[in-house]
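Visitor: Could you walk me through this one, and tell me what stands behind each label you use?

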Amino acid sequence: MESKLEEMAEISTGNPVGDKGAFVRDMFATIAPRYDRANRVLTGGLDEIWRRRAIALLAPAKGARLLDLCCGTGDLSFHLLRHDGAARVTGIDFCEPMLAQARERARRAGIEGAEFLEGDVTALPFPDESFDGAIMGFSSRNIVDLDRSLQEIRRVLRPGARFVNLDVSKAPNRLWKRAFDFYFYGVVPTLGGWIGGSKSAYSYLPQSLVNHPNAPALRDRFTEAGFRDAGYLALMGGSIAVHYGTR
Ligand SMILES: C[S@@+](CC[C@H](N)C(=O)[O-])C[C@H]1O[C@@H](n2cnc3c(N)ncnc32)[C@H](O)[C@@H]1O
């Protein structure tokens, strides 16, 4: 698996590849068992604060039906339920080993308000207007067809519902960006390799930012997908961004 990942990481960072989706899924399957620990260490625990900021922007009403897109091991789903124990949360992800971690975490904590389903965010298996809000964390860089997923997310939200997207972004200040890039592209692959168990996966993950739109461009993609009042909150000098838009 590791050598295939190395090969694919090289291809994926060089040119667009047709089977990038399968590559992304395989990559997350490899790192699923240690994903949570790696996240906490690599962000120094700051991701917990960013997740809370994202949920504050979503501002879900009590008992809302909420969708956690690319839910992975369920971090944002559990945060949503901590925010409102009456929320009904559906997590969706196309990587079964990541979902297995989410289900196991829910089982161990006795959490019943969340379900975790296998599915692709570019073809959501839900009827129109099924949710009162949607959130996505650290995933927009990995989605092969981002515009299609934005359209799908909009489709499954009821009118007036919000979508919030938290992810790494490109800081506007050159000096700060250089410092962040040193950590992100220089330290994360090695540290992530040790903790997460796959150097090639943690080399690919930072690289996925290279071709991702910067914060203003991503906001414009939200608007093009039909979200109104699209905007973003820059955190960490713009190295982290929380985008939002209303259906
Ligand atoms: C970096 S993880 C983020 C997990 C979680 N949201 C978090 O905040 O920790 C990215 C996740 O996106 C999922 N993913 C990527 N593309 C996807 C797609 N097209 N459909 C569903 N899940 C996808 C991967 O399987 C992986 O679990």
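Guide: Let's start with two helices: F184, Y185, V188, P189, G192, G193 and G196 in α8 meet K199, A201, Y202, S203 and P206 in α9. This is a predicted model, where local features need pLDDT of at least 70, side-chain atom pairs count only at pLDDT 80 or more, and totals for chains, interfaces and linings use all residues. Residues are numbered from 1 along each chain as its sequence is written.

Visitor: What makes two residues "meet"?

Guide: Two residues are in contact if their C-beta atoms, placed from the backbone, lie within 7 Å.

Visitor: How do the axes of α8 and α9 lie?

Guide: The axes come within 7 Å and cross at roughly 145°. Axes are lines fitted to C-alpha atoms, for helices over the stretch in contact, and angles run from 0 to 180 degrees between N-to-C directions. The crossing of α8 and α9 is right-handed. By definition, a crossing is left-handed if the near helix is turned anticlockwise from the far one by less than a right angle, and right-handed if clockwise.

Visitor: What classes of residue make up that contact of α8 with α9?

Guide: Seven nonpolar, four polar and one charged. Ala, Val, Leu, Ile, Met, Phe, Trp, Tyr, Cys and Pro count as nonpolar, Asp, Glu, Lys and Arg as charged, and the others, Gly among them, as polar.

Visitor: Which residues of α3 meet α8?

Guide: Y35, R37, A38, V41 and L42 do, and their partners in α8 are V188, L191, G192, I195 and G196.

Visitor: Why is G196 called buried?

Guide: A residue is buried if 20 or more other C-beta atoms lie within 10 Å of its own, exposed if 12 or fewer, and partly exposed in between, with C-beta atoms placed from the backbone. G196 has 25 other C-beta atoms within 10 Å, so it is buried. Leaving aside neighbours within four places in sequence, G196 is in contact with I31, R34, Y35, A38, A201 and Y202.

Visitor: And what makes A59 exposed?

Guide: A59 has 12 C-beta neighbours inside 10 Å, so it counts as exposed. A59 is in the loop between α4 and β1 (65-69), and has a positive phi of about 45° although it is not a glycine.

Visitor: Why is M236 called partly exposed?

Guide: M236 has 16 other C-beta atoms within 10 Å, so it falls in between and is partly exposed. M236 sits in the loop between β6 and β7. These two strands form a hairpin with four residues between them, and M236 in the turn has a positive phi of about 50°.

Visitor: How do you know that β6 and β7 pair?

Guide: Two strands pair if DSSP finds at least two bridges between them. β6 and β7 have six bridges, in the antiparallel sense, so they pair. A234 stands opposite A241 in β7.

Visitor: In which sense do β2 and β3 pair?

Guide: Strand β2 (residues 88-93) and β3 pair in the parallel sense over five bridges, with A114 in β3 as the bridge partner of V89.

Visitor: Why are β3 and β6 called edge strands?

Guide: The sheet is open, with seven strands in the order β3-β2-β1-β4-β5-β7-β6 and mixed pairing. β3 (114-118) and β6 (228-235) each pair on one side only, and those are the edge strands. Neighbouring strands of this sheet are turned by 15° against each other on average, direction ignored.

Visitor: Which residues of α5 are buried?

Guide: D75, L76, S77, F78, L80 and L81. Their cover includes α4, β1, β2, α6 (96-109), β3 and β4.
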